[in-house]
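Work through the exercises below with the sequence and the 3D structure open. Each task is followed by a solution in steps.

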Amino acid sequence: MAEVLVYVDHVDGAVRKPTLELLTLARRIGEPVAVHLGPGAESAAPVLAEHGAVRVLAADAPEFADYLVVPKVDALQAAAAAVEPVAVLVPSSAEGKEIAARLALRLGSGVITDAIDLEAGDQGPVATQSAFAAAFTTRSRVSRGIPVITVKPNSAPVEAAPAAGTVEPLEVTFGPLATGTKVVARTPRESTGRPELTEAAIVVSGGRGVNGAENFSVIEALADALGAAVGASRAAVDAGWYPHSNQVGQTGKSVSPQLYIANGISGAIQHRAGMQTSKTIVAVNKDAEAPIFDLVDYGVVGDLFQVVPQLTEEVKARKG
Amino acid sequence: MSLRIVVAVKYVPDATGDRHFAEDLTTDRDAVDGLLSELDEYAVEQALQIADAADDAEITVLTVGPEDAKDALRKALSMGADKAIHVEDDALHGTDVIGTSLVLAKAIEHAGYDLVVTGMASTDGTAGVVPALLAERLGIPQVTLLSEVSVADGKVTGRRDGDAASEQLEASLPALVSVTDQSGEARYPSFKGIMAAKKKPVEALDLADLGIDPADVGLAGAWTAVDDATQRPARTAGTIVKDEGEGGKQLAEFLASQKFI
Ligand SMILES: Cc1cc2nc3c(=O)[nH]c(=O)nc-3n(C[C@H](O)[C@H](O)[C@H](O)COP(=O)(O)OP(=O)(O)OC[C@H]3O[C@@H](n4cnc5c(N)ncnc54)[C@H](O)[C@@H]3O)c2cc1C
Ligand SMILES: Cc1cc2nc3c(=O)[nH]c(=O)nc-3n(C[C@H](O)[C@H](O)[C@H](O)COP(=O)(O)OP(=O)(O)OC[C@H]3O[C@@H](n4cnc5c(N)ncnc54)[C@H](O)[C@@H]3O)c2cc1C
């Protein structure tokens with residue numbers, strides 16, 4: 001059966017959820033072969049196998065951590081030459097998209113970014129994308145070469161589908177471009193203990209209406225009661241109330257949770273671009289005319305400082 | 001020696017307008033007014049700051065797009081760029097990211113460069129991959145998605161804030177930089193800048209000038225194909241309640257009915 005390369009996004013062998021979703025999608029078009037770069041392949045392999053990887057191609061070298069993007073492209077190119085896949089799937093992170101693009105060019109292939117679904121088609125895999133701030137849904141194909149497709153988090157369920165998952169070494173020769181951009185220092189992001197924003201099932205966001213950094217505790221309390229991630233609008237981020245890494249929208253993270261709760265957010269097009277594909281949308285805003293209400297399944301017109309704490313108490317009470 | 005900076009800027013349909021696809025499933029550029037992609041204003045701004053910090057520098061702004069795309073160039077020139085290149089050709093209609101990067105790379109080589117600066121993503125296609133593709137094609141380091149950038153002694157340094165970590169990057173010139181909207185507010189063109197822009201040179205090029213086979217670009221030359229585009233159905237009107245003191249409880253009731261709690 002045809003093989004599909006799946007690029008593994010991981011932290012020292014701890015596989016991130018979007019990769020497991022890619023394995024689900026890969027099985028729709030062939031047999032997944034995972035490509036694990038950097039340390040930790042032995043600990044990643046059982047998880048990858050559990051979710052359908054028939055093989056795990058692994059390579060580790062200091063270049064992957066010490067230089068930006070290109071060493072990983074060299075490795076994927078080597079994997080593509082070894083496997084002759086029918087498609088290459090990469091998570092749609094900022095880095096994932098850059099890796100996918102450069103790989104596609106080298107393979108003489110088209111690249112599709114930010115797919116939200118994937119199916120087998122007569123002329124190769126068909127990707128669903130959402131365009132123009134999710135106002136449109138498109139179906140696209142790569143019409144030349146080996147389709148290279150990046151897929152957004154939360155685009156497919158994580159499903160168990162046990163396979164062999166044998167670890168095999170991948171030979172990589174780094175090209176002259178690999179060492180072009182040196183990573184001279186790296187400061188890991190501090191963990192908040194909350195779910196990862198792009199992967200969370202529930203996201204609770206605050207905007208300019210939160211009116212101050214300290215007031216974000218109101219948003220955090222609701223998020224913690226629901227086991228949710230915290231998001232913020234750009235206005236809240238620009239004001240310095242919450243870190244940029246939590247920004248939802250066109251230039252922040254694009255999220256697609258089961259439930260999105262927007263508090264004190266007006267719903268500007270650039271914010272909508274990052275959350276409009278959420279399954280259920282809820283908003284609390286004191287302005288009944290706020291555009292966010294055009295999107296909601298349920299909206300409360302009111303002061304978030306009244307509504308949100310009451311909701312938080314209610315959630316806690318119901319959860320016991 | 002003069003530092004030659006090329007900034008790639010895109011002319012895009014205004015995101016606050018009612019954007020659509022045309023019948024051939026390309027972007028309908030007639031439906032909505034176009035403008036310089038707001039994210040490319042940040043690229044122009046950083047290029048201007050890099051040029052200010054250099055002894056001697058020259059900034060060329062480059063766009064690939066239809067006749068109207070000159071507006072984007074004028075805006076960048078009025079912010080302070082020195083000259084412009086406009087690549088326009090009927091055969092470009094419907095080009096994908098691979099083709100776009102081909103045309104941009106040829107035009108950048110034509111201009112001559114030490115540093116290429118781009119935005120983090122366009123506000124229409126939003127692919128965010130053209131910068132990496134350009135670096136690959138030009139065979140130069142990519143120093144991308146920077147929230148801070150500086151150039152000195154033939155080196156680019158910058159900060160990239162990623163999902164898991166914040167990284168300090170370094171590369172030798174020539175290099176390609178892309179900047180995020182965290183890199184610093186873009187300046188408004190001054191009246192003097194707007195007047196001066198009218199006299200700045202705009203070089204017009206077509207595919208033949210760049211030695212590009214029209215078969216390698218456009219809808220027919222694209223390596224991707226869009227089979228259909230459908231407007232997302234408007235959301236069915238949700239329930240909206242006014243808080244009369246019980247808003248939080250009512251919301252909890254809704255969340256419970258949807259099995260979220
Ligand atoms: C190129 C570009 C990229 C951008 N990218 C992003 C992006 O990624 N993400 C993003 O979010 N924005 C982005 N923006 C900015 C966007 O256009 C808006 O400015 C921003 O989303 C507004 O944030 P907001 O809704 O929090 O603030 P506002 O629009 O000021 O809305 C605040 C809302 O809070 C309500 N409110 C105030 N007080 C209360 C209260 N006590 N209780 C309840 N409600 C209250 C008000 O009624 C109002 O509706 C971008 C803009 C540009 C040009
Ligand atoms: C909704 C939509 C979805 C699309 N999806 C895909 C896809 O999946 N695969 C695909 O191959 N193509 C796709 N395209 C086509 C693609 O957007 C165009 O080829 C486009 O010209 C280049 O990509 P981008 O604008 O997304 O660039 P990005 O990579 O998002 O742009 C980054 C930077 O590159 C520079 N730049 C980009 N284009 C130009 C230009 N014309 N002139 C000057 N500088 C420029 C700017 O500095 C910009 O900030 C899509 C287009 C649309 C409208």
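**Exercise 1.** Is B:Tyr113 buried or exposed?

*Solution.* The model is predicted, so local features need pLDDT of at least 70 and side-chain atom pairs count only at pLDDT 80 or more, while totals for chains, interfaces and linings use all residues. Residues are numbered from 1 along each chain as its sequence is written, chains are lettered from A and ligands numbered from 1 in the order in which they are written, and side-chain values use heavy atoms, with hydrogens and water left out.

Step 1. Locate B:Tyr113 in the loop between α3 (97–111) and β6 (115–119) of chain B. Helices (H or I, at least four residues) and strands (E, at least two) are DSSP runs numbered from the N terminus.

Step 2. Read the relative accessible area of B:Tyr113, which is 15%. Buried means under 20%, exposed over 50% and partly exposed in between, with a 1.4 Å probe and protein chains only. B:Tyr113 is therefore buried.

Step 3. List the contacts (heavy atoms within 4.5 Å). Leaving out residues up to four places away in sequence, B:Tyr113 touches B:Arg4, B:Val6, B:Ile108, B:Leu138, B:Ile140 and B:Pro174.

Step 4. Compare positions along the chain: B:Val7 is 106 residues from B:Tyr113, yet their C-alpha atoms are separated by 9.9 Å.

**Exercise 2.** Where does A:Thr198 lie, and which residues does A:Thr198 touch?

*Solution.* Step 1. A:Thr198 belongs to the loop between β12 (182–188) and β13 of chain A.

Step 1. A:Thr198 counts as buried because its relative accessibility is 11%.

Step 2. With residues up to four places away in sequence set aside, its contacts are A:Pro153, A:Asn154, A:Lys253, A:Ser254 and A:Val255.

**Exercise 3.** In what order do the 6 strands of the open sheet follow one another?

*Solution.* Step 1. The order is β14(A)-β13(A)-β15(A)-β16(A)-β17(A)-β13(B), with parallel pairing. Two strands pair if DSSP finds at least two bridges between them.

Step 1. The edges are β14 (229–232) of chain A and β13 (239–242) of chain B, each pairing on one side only.

Step 2. Follow the sheet from chain A into chain B: β17 (residues 298–301) of chain A pairs with β13(B) over 4 bridges in the parallel sense. Here A:Val301 stands opposite B:Lys242.

**Exercise 4.** Which residues are closest to ligand 1?

*Solution.* Step 1. Of the 27 residues that surround ligand 1, the closest are A:Arg208, A:Ser233, A:Ser266, A:Gln270 and A:Asn285. A residue is near a molecule if one of its heavy atoms lies within 4 Å of it.

Step 1. Check the backbone N or O atoms: one of A:Val248 lies 2.8 Å from a nitrogen atom of ligand 1, and one of A:Gln250 lies 3.0 Å from an oxygen atom of the ligand.

**Exercise 5.** Why is the site of ligand 2 shared between chains?

*Solution.* Step 1. The site is shared because residues from chains A and B surround ligand 2.

Step 1. Among the 32 surrounding residues, the closest are A:Val111, B:Ala8, B:Lys10, B:Asp40 and B:Ser122.

Step 2. An N or O atom in the side chain of B:Lys10 is 2.4 Å from an oxygen atom of ligand 2. A backbone N or O atom of B:Val129 lies 2.9 Å from an oxygen atom of ligand 2.

Methods. Polar contact = N/O pair within 3.5 Å; in protein donor to acceptor, adjacent residues only side chain to side chain.
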